[in-house]
Every structure is written in structure tokens, then in C-alpha cells.
Amino acid sequence: MAAINLPFIHSPPSLQIFSIKSPQSTSKFLLFSQSIASPLLSSSSKLYTTAKARASSLIAFAARNLSESELNSVPETAGEIAGKFPSDAGVYAVYDKDGDVQFIGITRSIAGSVATHWKSVPELCVSVKFGVVDEPDRTTLTQAWKSWMEEHIKATGKVPPGNESGNATWVRQPPKKKADLRLTPGRHVQLTVPLEELIDQLVKENKVVAFIKGSRSAPLCGFSQRVIGILEAEGVDYESVDVLDEEYNNGLRESLKTYSNWPTFPQIFVDGQLIGGCDILSSMHEKGELAGLFKN
């Protein structure tokens, strides 16, 4: 039995993948779902589900198949990726410079995933085909991926390298866990420099700094949790500081508001400059703009 990587969104239990040997001993791969109908009914540029299909758990698609979808070159800068690719959910296939499929995936943001691949494996992410999925629930996205995988395997007799079991090239690796930084030795130790100077030194000596409520392992507000999730999803090496730690960061909240001229938390700094809070970081993440920001 051969396994196939399906990153970002895991396969449902009903999706089964088999390897079958032909009489010529050539490996052929067959994918089928016990409860999902056959896809590819027409040549619309988008994928959709009907209410009737949703009610009966039989998902029908109207989509261009992989071979008929337009091949889009990946721009050489991260900022241009967000302008060229949609931020919608969908299925996509990544091609190398020789025109070979390296990976087929599904995502909640096509632009975001393309930017991530461009950042991690630029030599393999040269061009991309994609299909936007309307009403993108988990089953619909998985069926879209299954359709393109079936077509590719039927045409080539093999799984894309990035989808082979054990291939970690296309799988996001979690960043190494770090302890939260402390600005002072403790509240009972008198500082010899103003707290604002310590903040200035911290944000200028580190690429990315997130001032959050709580720790990175246990955020104490939804906005801080969202920021930590985005930074880790982007694979960013960042520093975190708990603004609620009154023992080692006593007075930090008010001092940071004065330093940044920003009244709320969390606050994210990149290269010594305030980027903003949760809303701004979330918007940039959805548009695929963070890869270029963190790479520069």
C-alpha cells in the first residue's frame, strides 16, 4: 500500500489510497472514496457543490481538469504573488522549470500557499495551476485534490514527488520552540536604563518580535493566539514577550504604548519597525504578503 501526502488539510477517513501492480510490474495508483461521486462534469473555471449533492454527501464538481487549467508563472517577488494569485481556497499544482508537477495540494489561501512554497523551495516552484473552490468545506476541497491527483497519476503513472509518503520538502515544519523573553531580571531590581531603551534594543536586535498577552505556548487572548498561529504557520523564527508578566516585564504595557504609539496588543515588530496588530497581520497573511516581509 502506498501512502500519499495531503498537507494542510488531512484526508477524511473515507479516502483510501492503494498501489496496484500491473502485469508489467509497473506501479499504478488508484484513489477512491467510499462515499464520493465521480468529479469533472464540465469545463467551468471554478469548482462548486450543489445543495442536493451536499445533502446526499455526493460531491459533484464543475471544473477544468488539471491538463486544461492555465499555467501561471510565479513572480520573482513575494509582493507580486498576492496580486497574481487569488486568496481564495482551492486546489493547486506546482511545476518546476522543466514543466514537471512537483506537488498537488489544497489550501485555504492559494496565494498564501504559493508564497510559502516560493519561499521554501523557489527552484521547484516556478509555475502553478489552480482552481478556486466555492463553498470550500473539507470534503469539497479533498475531492478537488483527489480529482487532480487521479488525472495526474493516470497520465504519468506516478505520484508527484512532493506528495510521496515521507517527502518533507513540501510539509511545513514547526519552528523550534523558544522561551518568552524577559526584559528585566525582576520587578525588585532597579533598572539603570529606561524601559523604552530596552524595548528599542530588543526590536532592533531581533528580526521579528511579537509582544503578546500570555506566552507563546499559552496565549491569554484570542488575538495573541491568532498572531502566534500565523507566525508559526509561516515558519518564522521570532521572539515573543509577555506584556502581562508583571514580575519580569513590569510596566511594559504602558511603556510599549508610548514607544510604538499603538494602544492595543498584540504588537508585531519586523526589523525594528511596528507592523501592527492581529488584524493587519491576518490581512497580510491572507494576501500572501508575509513571505516577502520575513524573507527580506
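Q: Contact means heavy atoms within 4.5 Å; which residues of H5 and H7 meet?
A: On the H5 side they are Leu-195, Glu-196, Ile-199, Asp-200 and Val-203, and on the H7 side Leu-252, Ser-255, Leu-256 and Tyr-259. Helices (H or I, at least four residues) and strands (E, at least two) are DSSP runs numbered from the N terminus. The model is predicted: local features need pLDDT of at least 70 and side-chain atom pairs count only at pLDDT 80 or more, whereas totals for chains, interfaces and linings use all residues. Residues are numbered from 1 along each chain as its sequence is written, and side-chain values use heavy atoms, with hydrogens and water left out.

Q: Why is H5 described as roughly perpendicular to H7?
A: Helix H5 (residues 195-205) packs on H7 at an angle of about 70°, and their axes are 9 Å apart. The class of roughly perpendicular runs from 65 to 115 degrees (under 35 is roughly parallel, over 145 roughly antiparallel, the rest oblique), so H5 is roughly perpendicular to H7. Axes are lines fitted to C-alpha atoms, for helices over the stretch in contact, and angles run from 0 to 180 degrees between N-to-C directions.

Q: What is the handedness of the crossing of H5 and H7?
A: It is right-handed. That term applies if the near helix is turned clockwise from the far one by less than a right angle, and left-handed if anticlockwise.

Q: What makes H6 and H8 roughly parallel?
A: Helix H6 (residues 222-233) and helix H8 (residues 278-286) pack at about 30°, with axes 10 Å apart. This angle falls in the roughly parallel class, hence the label. Here the crossing is left-handed. H6 contributes Phe-223, Arg-226, Val-227, Ile-230 and Leu-231 to the contact, and H8 contributes Cys-278, Leu-281, Ser-282, His-285 and Glu-286.

Q: Why is one side of S9 and of S11 left without a neighbour in the sheet?
A: The open sheet has four strands in the order S9-S8-S10-S11, with mixed pairing. Strand S9 (239-242) and strand S11 (273-276) are at the edges and each has a single partner strand, so one side of each has no neighbour in the sheet. Direction ignored, neighbouring strands of this sheet are turned by 25° against each other on average.

Q: How do you know that S10 and S11 pair?
A: Pairing requires at least two bridges found by DSSP between the strands. Strand S10 (residues 267-270) and S11 have three bridges, in the antiparallel sense. On S11, Gly-276 is the bridge partner of Ile-268.

Q: Which strands does H7 touch?
A: Helix H7 (residues 252-260) packs on the sheet and touches S8 (208-212), S9, S10 and S11, and its direction makes about 55° with that of S10.

Q: Why does Leu-274 count as partly exposed?
A: Buried means under 20% relative accessible area and exposed means over 50%, with partly exposed in between (1.4 Å probe, protein chains only). Leu-274 has 26%, so it is partly exposed. Leu-274 belongs to strand S11. Apart from neighbours within four places in sequence, Leu-274 contacts Ser-260, Trp-262, Gln-267, Ile-268 and Phe-269. The C-alpha atoms of Leu-274 and Trp-262 are 8.9 Å apart, with the two residues twelve apart along the chain.

Q: Is Asn-261 buried or exposed?
A: Its relative accessible area is 68%, so Asn-261 is exposed. Asn-261 is in the loop between H7 and S10, and has a positive phi of about 55° although it is not a glycine. Pro-266 is also placed in the loop between H7 and S10, and the peptide bond from Phe-265 to Pro-266 is cis, with omega near 5°.

Q: What makes Asp-271 partly exposed?
A: Asp-271 has 46% relative accessibility, hence the term partly exposed. Asp-271 lies in the loop between S10 and S11 and has a positive phi, near 55°, without being a glycine.

Q: What makes a set of residues a nonpolar core?
A: The members are buried Ala, Val, Leu, Ile, Met, Phe, Trp, Tyr and Cys residues joined through side-chain atoms within 4.5 Å. The largest such core has 17 residues, and those with the most contacts inside it include Val-74, Phe-85, Val-114 and Val-128. Strand S5 (90-95), helix H3 (110-120) and strand S7 (127-133) each supply at least two core residues, and H3 gives the most, with five.

Q: How much of the protein chain counts as buried?
A: Of its 296 residues, 48% count as buried. The protein chain has nine helices and eleven strands.

Conventions:
Contact means heavy atoms within 4.5 Å.
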